[in-house]
Amino acid sequence: MAKKLFPLISIIMIAAFALAACAKTPTGPMTITLWTKEGEADGGLQYVQALADAYTAEHPNITFEVVNKDVETLREDFQTASLAGAAPDLLWTVSDHLGPFTSAGLIQPVDKLVNLDKYVASATAAVQSPDGQTWGIPISNGNHLMFIYNKSLIDAVPANTDEMIAQGKEFKAANPDKEYLVYNQTEAFWFVPWLGGFDGKVFDADGVTPTLDTEAMVNTFQFLHDIKYTDGIIPAEADYDTSDSLFKEGNAAIIMNGDWSLGGYKEALGDNLGVAPIPMVSATGTYPAPYTSGVFFMIPVDLDKDTLAVVVDFAEFATNKANQLDMVTKLTRLPALSEALSDELITSDPILSGSAAQMSYGTPMPTVTEMRCVWDAIKPELIAVYGDTEDATTAAANAQAAAVTCIAGLE
């Protein structure tokens, strides 16, 4: 009798799994609002929209409203919208939003929603809290700054900062109408790699106590001041868009920018595009350490059952091997799916291998809420140093004081 029951039980189980699969997403019409930090300049927004359209092609009852917001605006608007009960259904964003979003209880853990074992461990680790919960589904791995250069203007990136300064002076003398090195001088994210190169960190060993009034901070501020005013190898002013345009138009030899920009630069420069690690700091013998993380899907709390089913299914669709390799092709980013990362498409590509080399010197970006205070503390001092209105020692002391005051207000 028992033997006769086994086939019947198997049939019932198969049928149950089939029904569960069919019920995974709703059949009625639904519009998913997706906020993304991807913009048009790097082709990211177009890529996200194409993914959404491809999903709709397979699920005609599901449509997407894809909304681009820059990183800081997305953070602020999501917090405001969540408090007003008008949050989007899904976020495509960066790991440093983890701290503010989890402390406010605005997103939910994803450990029980997807199989995280299929993703690169370093990617999932970037969005894990101290209690071991994971708060994002990885899309890309890295999100790190590097030196990206135009081979038609320079042969190669120098090995260290002494050589970089020498090359920069020579380049400017020969090309007074062009820039040697450009990058965003208005945000602290572009400051952090150099701080690492001067053997500094923004937090003490406990991961939350700021360490901004240090010799490493002073030396970093002084170095950045000097390459502008003493060496003259960076422009008088440069924000993100200005730097991006100068490089794409062939008016800058090197840009320090992130892996998210590689797709647009590859399209603009073609075979003239080169990628290399940021030069070692000659004074310390240490390579600059950009923050590494990636891009992630984050899921708001309190989604209804049907909406949750759709956003999870879309996230898995967007990160399957075919779409991860498509992202590599279109955006030149390192994938977060382990199976895709080991594909020959990546291992044989000099741009991607250069990006991976830089990532090896990187350091995981802190996801604690206190990091927001650090960003806000460094930024005005950095602008003052670049503006030649404040000396390096004062800037470091002011940054520390501001961070301490801000963190005290979080408690």
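Guide: Ile148 stands opposite Ile255 of β7. The model is a predicted one, in which local features need pLDDT of at least 70 and side-chain atom pairs count only at pLDDT 80 or more, while totals for chains, interfaces and linings use all residues. Residues are numbered from 1 along each chain as its sequence is written, and side-chain values use heavy atoms, without hydrogens or water.

The pairing of β5 with β7 is antiparallel and runs over five bridges. Two strands count as paired if DSSP finds at least two bridges between them; strands (E, at least two residues) and helices (H or I, at least four) are DSSP runs numbered from the N terminus. Both strands belong to an open, four-stranded sheet of mixed pairing, in the order β6-β7-β5-β8. Since β6 (179-182) and β8 are at the edges with a single partner strand each, one side of each is left without a neighbour in the sheet. On average, neighbouring strands of this sheet are turned by 20° against each other, direction ignored.

Helix α6 (residues 161-174) lies across β5, β6 and β7, and runs at about 135° to β6. Such angles, from 0 to 180 degrees, are taken between the N-to-C directions of axes fitted to C-alpha atoms, for helices over the stretch in contact; contact means heavy atoms within 4.5 Å.

Asn143 has a positive phi of about 60° without being a glycine. Its relative accessibility is 5%, so Asn143 counts as buried (under 20% relative accessible area; exposed is over 50% and partly exposed in between, with a 1.4 Å probe and protein chains only).

Leu262, Gly263, Gly264, Tyr265 and Leu269 are buried in α10. Gly270 follows α10 with a positive phi near 60°.

Another element to follow is α16. Its 17 residues (370-386) should span 24 Å at 1.5 Å a residue, and the end C-alpha atoms are 25 Å apart, which agrees; the expected span is 1.5 Å times one less than the number of residues. Of the 17 residues of α16, 13 are buried. In the loop between α16 and α17 (392-410) sits Asp388, a residue other than glycine with a positive phi near 60°. Asp388 counts as partly exposed because its relative accessibility is 46%.

On a 1 Å grid over the protein atoms alone, a cavity is a set of points where a 1.4 Å probe fits but cannot get out; a pocket is an open set with protein on both sides within 12 Å along at least five of seven lines, and lining residues have an atom within 4 Å of a point. Points are joined across faces, edges and corners, and a volume is the space filled by probe spheres set on them.

The largest pocket has a volume of about 960 Å³. Among its 31 lining residues, Asp70, Val71, Glu72, Trp190 and Tyr240 are closest to the centre. α3 (71-83), α9 and α16 each give two or more residues to this lining, and α16 gives the most, four.

The largest cavity, of about 40 Å³, is lined by Asp96, Pro100, Val368, Thr369, Met371, Arg372 and Trp375. Here too α16 provides the largest share of the lining, three residues.
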